[in-house]
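Here's a friendly walk through one protein chain, from its overall layout down to a single side chain. Have a look at it first, then read on.

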Amino acid sequence: MRPVWAADYVGLPYAEDFNCWSLVQLVLREQFDTSVPDVQIGCATRDLLALRNRVTDVSKPEPGDIVVMRAVHVPHVGVMINETEYLNCAKGRDTCIERIGNRRVEFYRVVPRKLQ
């Protein structure tokens with residue numbers, strides 16, 4: 001079942017200043033009250049690996065998990081809305097909901113920062 005909030009992001013246009021990582025940042029901030037740093041498009045996978053203290057690999061995705069597509073030339077990310085679908089923003093297309101299907105993907109969950 002799709003969460004109601006997911007529809008709020010469908011149709012957002014891809015732009016020079018709004019790409020797949022921007023969508024992840026926006027959804028995580030607005031829906032899950034968490035943040036991830038800015039990264040350059042195409043560098044998302046490398047920067048996720050550098051964020052090991054902020055993300056953890058998961059095998060069963062939940063809403064708000066970051067999905068990383070590995071079967072493309074440039075790493076591509078989206079944000080899970082349920083167990084099988086994610087929000088996707090790609091060059092030349094508006095933001096949409098897609099199924100994971102048989103894509104080569106990895107899932108990451110942002111770990112909340114500990115209060116000091």
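This is a predicted model: local features need pLDDT of at least 70, side-chain atom pairs count only at pLDDT 80 or more; totals for chains, interfaces and linings use all residues.

Residues are numbered from 1 along each chain as its sequence is written, and side-chain values use heavy atoms, with hydrogens and water left out.

So what is the chain built from? It has 2 helices and 6 strands, and along the sequence they come in the pattern α-α-β-β-β-β-β-β. Helices (H or I, at least four residues) and strands (E, at least two) are DSSP runs, numbered from the N terminus. Out of 116 residues, 47% are buried, where buried means under 20% relative accessible area, exposed means over 50%, and partly exposed is in between (1.4 Å probe, protein chains only). If you take the contacts (heavy atoms within 4.5 Å) between residues at least 6 apart in sequence, 55% of them join residues at least 24 apart.

Now for the sheet. In what order do the strands sit? The 6 strands form an open sheet running β1-β6-β2-β3-β4-β5, with antiparallel pairing; two strands pair if DSSP finds at least two bridges between them. At the edges are β1 (55–58) and β5 (96–99), and each has a single partner strand, so one side of each is left without a neighbour in the sheet. On average, neighbouring strands are turned by 40° against each other, direction ignored. Axes here are lines fitted to C-alpha atoms, for helices over the stretch in contact, and angles run from 0 to 180 degrees between N-to-C directions.

On one side, 4 bridges join β2 to the antiparallel strand β6 (residues 105–110). In that pairing, I66 stands opposite Y108, while M69 has V105 as its bridge partner. With β3, too, β2 pairs in the antiparallel sense over 4 bridges, and there the partner of M69 is H76. In a regular strand the side chains alternate between the two faces of the sheet. In β2, I66 and V68 point one way, V67 and M69 point the other way, and all are buried.

Helix α1 (residues 20–32) lies across β2, β3 (76–80), β4 (85–88) and β6, at about 25° to β3. That brings us to the cores. A nonpolar core is a set of buried Ala, Val, Leu, Ile, Met, Phe, Trp, Tyr and Cys residues joined through side-chain atoms within 4.5 Å. The largest one has 23 residues, and I66 and L87 touch the most other members. Elements giving two or more residues to this core are α1, β2, β3 and β6, and the largest share, 7 residues, comes from α1. Apart from this core lies another, of 7 residues, including V58, V67, Y86 and F107.

Last stop: N88, found in strand β4. Is N88 buried or exposed? It counts as buried, because its relative accessibility is 4%. Which side chains does N88 meet in polar contacts? One is H76, at 2.4 Å, and another is E98, at 3.1 Å. A polar contact is a pair of N or O atoms within 3.5 Å; within protein, one must be able to donate a hydrogen and the other to accept it, and residues adjacent in sequence count only if both atoms are side-chain atoms.
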